[in-house]
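Have the structure open as you read along.

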Amino acid sequence: MAAELEELTVSAASEKKLRDAMERLLTGRPERTDGRLIKENLYKEAGVSRATMNRAANILVEWENKSAGPRPRDRIIEQLKEAERKHTTTIKNLRQKIRMLESQLTATSTTIGELYVENQILRDNDTTRNVSPLRQNVSKSPRPR
């Protein structure tokens with residue numbers, strides 16, 4: 001009977017304001033507060049006094065039950081944390097790929113250098129050898145016999 005008396009002291013307009021405010025806060029669409037799910041924001045969002053909110057015992061019980069679950073801000077934080085985990089994984093994979101490509105580049109550079117030296121040797125243009133190729137006479141005069 002005490003709960004019924006407390007309910008009677010809250011006007012229907014105040015109760016509607018509190019319920020509307022509760023709905024806005026729980027859905028993450030606050031108009032007058034920062035959106036945290038605390039009692040202070042409930043009465044401020046409703047535009048009623050703290051005493052009026054405290055007299056609405058049934059609304060406070062409902063608020064406690066509903067605000068204990070996942071909160072809109074918590075969902076956003078969880079989404080951001082999940083995005084961060086995905087980005088961290090992507091960064092890790094990209095860094096690993098960069099290391100692999102750098103090692104391939106080093107191996108390829110070494111191979112190209114070795115092939116260049118081998119080509120110089122095959123063309124007799126090796127500057128590290130002390131052998132000079134014989135010059136051939138390319139003139140069209142007949143050779144002495």
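## How many salt bridges?

How many salt bridges does the count come to? Taking a salt bridge as a side-chain nitrogen of Lys or Arg within 4 Å of a carboxyl oxygen of Asp or Glu, the count comes to 10.

A word on the basis: this is a predicted model, where local features need pLDDT of at least 70 and side-chain atom pairs count only at pLDDT 80 or more, while totals for chains, interfaces and linings use all residues. Residues are numbered from 1 along each chain as its sequence is written, and side-chain values use heavy atoms, with hydrogens and water left out.

Let's begin with Arg-19 and Glu-15, whose closest N and O atoms are 3.3 Å apart. Both residues sit in helix H2 (residues 12-26), 4 residues apart, or about one turn of the helix. Helices here are DSSP runs of H or I with at least four residues, numbered from the N terminus.

Arg-19 is partly exposed at 30% relative accessible area, and Glu-15 is partly exposed at 24%. Buried means under 20%, exposed over 50%, and partly exposed in between (1.4 Å probe, protein chains only).

## A buried partner and an exposed one

Next, Arg-24 forms a salt bridge with Glu-31, with 3.8 Å between the closest N and O atoms. Arg-24 is buried at 14%, whereas Glu-31 is exposed at 60%.

## A link between helices

Glu-64 pairs with Lys-39, their closest N and O atoms being 3.5 Å apart. This pair links distant parts of the chain, 25 residues apart: Glu-64 belongs to helix H5 (residues 57-67) and Lys-39 to helix H3 (residues 39-46). Glu-64 is partly exposed at 41%, and Lys-39 is partly exposed at 31%.

Finally, salt bridges with shared partners join Glu-15, Arg-19, Glu-62 and Lys-66 into one network.

Methods. Helix = DSSP H or I, 4+ residues; strand = E, 2+ residues; numbered from the N terminus.
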